[in-house]
Every structure is written in structure tokens, then in C-alpha cells.
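Open the structure in your viewer and keep the selection tool at hand. The stops below say what to select next and what is there.

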Amino acid sequence: MKPINKMILKTDSRSINESFVRICVSAFAAQLDPDIEELSDVKTAVSEAVTNCIVHAYPDKVGEITVKVFIYENRAVKIIIRDKGRGIKDIKKAMEPLFTTLGGERAGLGFAVMESFCDKVSVRSAPGKGTTVNLTKTFVSRTYENE
């Protein structure tokens with residue numbers, strides 16, 4: 001299916017940019033007229049994916065994060081978040097709830113949160129080459145009654 005609209009955003013992997021990306025993606029997705037809960041789901045999933053880039057992909061330096069958003073006629077939004085950081089050795093293990101490579105205050109719930117708020121989450125990664133996270137959410141069809 002061909003998108004009816006798309007957006008590309010590139011930003012540094014600085015923690016201050018996480019909220020900027022979240023707001024940009026949600027503002028772009030708002031053209032589909034989602035309800036507040038659906039929009040909140042997208043914001044949360046995007047926040048988790050971008051935070052993973054900031055914390056895990058580039059732990060000792062600032063790198064680039066690329067975000068692509070596609071809007072489809074069936075009220076679906078696809079969000080692709082890519083980094084060129086250190087990559088994930090074992091994706092299956094990394095996606096297990098409570099697994100974290102950093103410990104401390106990190107809960108290891110990033111991918112679980114993304115999966116709970118999106119219809120589909122897929123991850124591709126290669127050590128030393130980066131990670132790509134694909135998030136897909138279809139907003140419920142809305143019908144409006146005559147007032």
C-alpha cells in the first residue's frame with residue numbers, strides 16, 4: 001500500500017531531542033484524527049524507541065537518529081526509527097521484558113512498552129551497524145453522529 005503522506009526527521013541522539021521527536025510524530029499523525037488515547041499510545045512508543053537510540057545505540061557519543069513516518073488511507077501510521085549505533089547482538093533477548101544491558105535505573109521494558117501500544121513492532125539490527133525499529137498503529141475508524 002502506498003502512503004498518502006510522509007515525513008522524515010533527522011536529529012542528534014541527545015536526550016533533550018526525545019520530546020521534540022515525540023511531538024513531531026504525534027503532530028504529523030494527528031492528521032488521521034486519532035482519539036487522545038491512540039495519540040498517547042504513539043507518543044509513548046516513539047519515546048521508548050528514541051530513548052533506546054539515545055541510551056543504547058550511542059552510549060559514549062552523540063549520533064544521528066532518523067525518523068520516518070508514513071500515513072496510509074486505512075488510518076494506519078508506520079513509524080521507522082533508525083540509528084547507526086552499536087547495534088543489538090541478540091534481538092530476541094533484548095525484546096524480553098525486564099532484560100537490560102545497563103542495569104541500574106533501567107527497567108528493560110522499552111520493547112514491551114512499544115509492543116503494548118502498537119499493533120506491530122519489528123526490529124532489525126546488526127552489531128556495529130545500527131538498529132531499525134518499525135512501529136505500526138492503525139487508528140480505529142471514527143463515525144460521527146449528526147448533532
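This tour of a predicted model moves from a helix to its salt bridges, then to strands and a hairpin.

**Stop 1: helix H1**

Select residues 16-29, which make up helix H1. Colour its buried residues: Asn17, Glu18, Val21, Val25, Ser26, Phe28 and Ala29. Looking down the axis of H1, you will find these within an arc of 165 degrees, so the buried residues line one face of the helix. An α-helix has 3.6 residues a turn, so residues three or four places apart point the same way. Now turn to the other side of H1, where Ile16 and Ala27 are exposed.

What covers the buried residues of H1? Show strand S1 (5-12), helix H2 (36-57), strand S2 and strand S3 (76-83); the cover includes these elements.

**Stop 2**

Glu18 is buried because its relative accessibility is 15%, under the 20% limit. Arg22, with a relative accessible area of 24%, is partly exposed.

The whole structure holds 4 salt bridges. Two others come next on the tour.

**Stop 2: Lys10 and Glu64**

Select Lys10 and Glu64, whose side chains meet in a salt bridge at 3.8 Å, N to O. Lys10 is in strand S1 and Glu64 in strand S2, so this pair ties together parts 54 residues apart in sequence. Lys10 counts as exposed, at 53% relative accessibility, whereas Glu64 is partly exposed, with a relative accessible area of 37%.

**Stop 3: along strand S2**

Move along to Lys68, in the strand that spans residues 64-71. Lys68 has a relative accessible area of 34%, which makes this residue partly exposed. Leaving aside residues up to four places away in sequence, Lys68 touches Met7, Ile8, Lys78, Ile79 and Ile80. Draw a distance between the C-alpha atoms of Lys68 and Ile80: the two are 12 residues apart along the chain, and the separation is 5.1 Å.

**Stop 4: helix H2 and its charged residues**

Select Asp41 and Lys137. A salt bridge joins the two, the closest N and O atoms being 3.0 Å apart. Asp41 lies in helix H2 and Lys137 in strand S5 (residues 130-138), so the pair ties together parts that are 96 residues apart in sequence. Both Lys137 and Asp41 are buried.

Next, select Glu38, also found in helix H2.

**Stop 5: the S4-S5 hairpin**

Finish with strand S4 (residues 120-126) and its neighbour S5. The two run antiparallel and are joined by 7 bridges. Pick Val121 to see one example: its bridge partner in S5 is Leu135. S4 and S5 form a hairpin, with 3 residues between the strands. Last, select Gly128 in the turn, which has a positive phi of about 80 degrees.

Conventions: Residues numbered from 1 in each chain as written. Predicted model: local features only at pLDDT ≥ 70, side-chain atom pairs only at ≥ 80, totals over all residues. Heavy atoms only, no water. Helix = DSSP H or I, 4+ residues; strand = E, 2+ residues; numbered from the N terminus. Buried < 20%, exposed > 50% of the residue type's maximum accessible area, 1.4 Å probe, protein only. Contact = heavy atoms within 4.5 Å. Arc of directions from axis to C-beta. Pairing = 2+ DSSP bridges.
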